[in-house]
Amino acid sequence: MSGTYPRGSSGGELSPGTRVMVVGIRSEREINGKEGTCVEWCAETGRVHVQLEDCLKALRPRNLKVMRSLHDVNEMMDRVLQVFESADSNGDGVLDVNEFERCLEGIGLGKEYVIAFQMAMDKDHDFEIDYAEFTHWALGTNAPGHRSRLDLYWPKKREEPQPVDDDDADYTIPEHDEELTEKDIVKMLRRPLPDDWPSHGIAIVNNARARFPYFPVEGIVWSMKRNEYIGGRVLADIRASGAKEVHPCRTTPLRASAEAFPAIYRNISPEGELFVYELSEDVSFGGMRDRKLPPLGIIPKGDMFTVYEVLRGAEYGFCFGRIKYKGQENPSTWVVLGLLVERGSDWSMPDSERHPRDLTFSDAERMNSLW
């Protein structure tokens, strides 16, 4: 996103994934001229975390010169294969329903997400996910400019950066609505992470913290060890304790072409009826997605309805459509459309370049545009 990240000595934006060269360092002259990749921007310290060939450094923007961006495809493909093989318990080269359910459970998603995610991946509709389908989905994104699903759901275990000089500000724990890093957890626990800490551990912590913002991090980590670091079990364990649960779901508009909406859609939800909701203080997009809130009404399976706007959740990629319901003068109610089914478009294509006919969802099939 333009304006979110600082600019280097040559004026280029230092966003994650940007290739850079280190310049102008006086304290460690030997790293000048080395090339690396921007990992993240830490506004609190005013440093960009840069992965060099042999170490991770925290550097000031003025000491980084943007180079032509390169993408290490082989490394990402190796990670996709590792995730797929760990889920393919019988080694037959495909993920059946049970294996796929356990795969999603490992990243904190319950059974209610299995059908929608399977429909988004299963291109040949054989109710199994092969390696090619899994790879196509994992290397895509839930929204343009966001991390790939591989990095979102199975992030690499991060190495802590080595500051070039020791003038960082005092450390402060992030607020409830900010994601934690492994460094934050170590500070909060006042001890190292467990020896068996998995690569997806930080994702489980942040998911649990978003759902249960007042539950202590120490308790989340303890529940993770007790439940073998399986995200779904951790959420169920915390829920059973009586902790107050919220339903977070940050959304962004689906940046489709101007003629994409309004459009007519047909309910094809595997669950049958689509629930209709009206947003309020007690009704959130997260609650709609999880079907844990009383609906205003229903749309029977096979019925058609008009969608005027689509918002997409940043966490799992679920989409929500704004509709008119039962004589409303203005469209002010919402339904869960499910995941965008990527048919006919390359996964890397920006939403604005997709043809409107490709905007079909796991729970709603596009029929035609009203323009």
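Strand β11 (residues 274–277) is joined by 3 bridges to strand β12 (residues 297–299), and the two run antiparallel. Strands are DSSP runs of E with at least two residues, helices are runs of H or I with at least four, and both are numbered from the N terminus. Two strands pair if DSSP finds at least two bridges between them. Gly297 in β12 is the bridge partner of Val276. Strand β15 (residues 333–338) is also antiparallel to β11, with 2 bridges between them. Here Val276 is partnered by Val335.

The model is predicted; local features need pLDDT of at least 70, side-chain atom pairs count only at pLDDT 80 or more, and totals for chains, interfaces and linings use all residues. Residues are numbered from 1 along each chain as its sequence is written, and side-chain values use heavy atoms, without hydrogens or water. The pLDDT, the predictor's confidence in each residue from 0 to 100, averages 81 over the protein chain, and 83% of the residues score at least 70. Confidence is highest in β12, at 95, and lowest in strand β8 (residues 162–163), at a mean of 65.

Helices α7 (residues 201–211) and α8 (residues 217–226) have axes that come within 10 Å and cross at roughly 125°. Axes are lines fitted to C-alpha atoms, for helices over the stretch in contact, and angles run from 0 to 180 degrees between N-to-C directions. The two helices are therefore oblique to each other (under 35 degrees is roughly parallel, over 145 roughly antiparallel, 65 to 115 roughly perpendicular, the rest oblique). Gly201, Ile204, Val205, Ala208 and Arg209 of α7 meet Val217, Ile220 and Met224 of α8, contact meaning heavy atoms within 4.5 Å.
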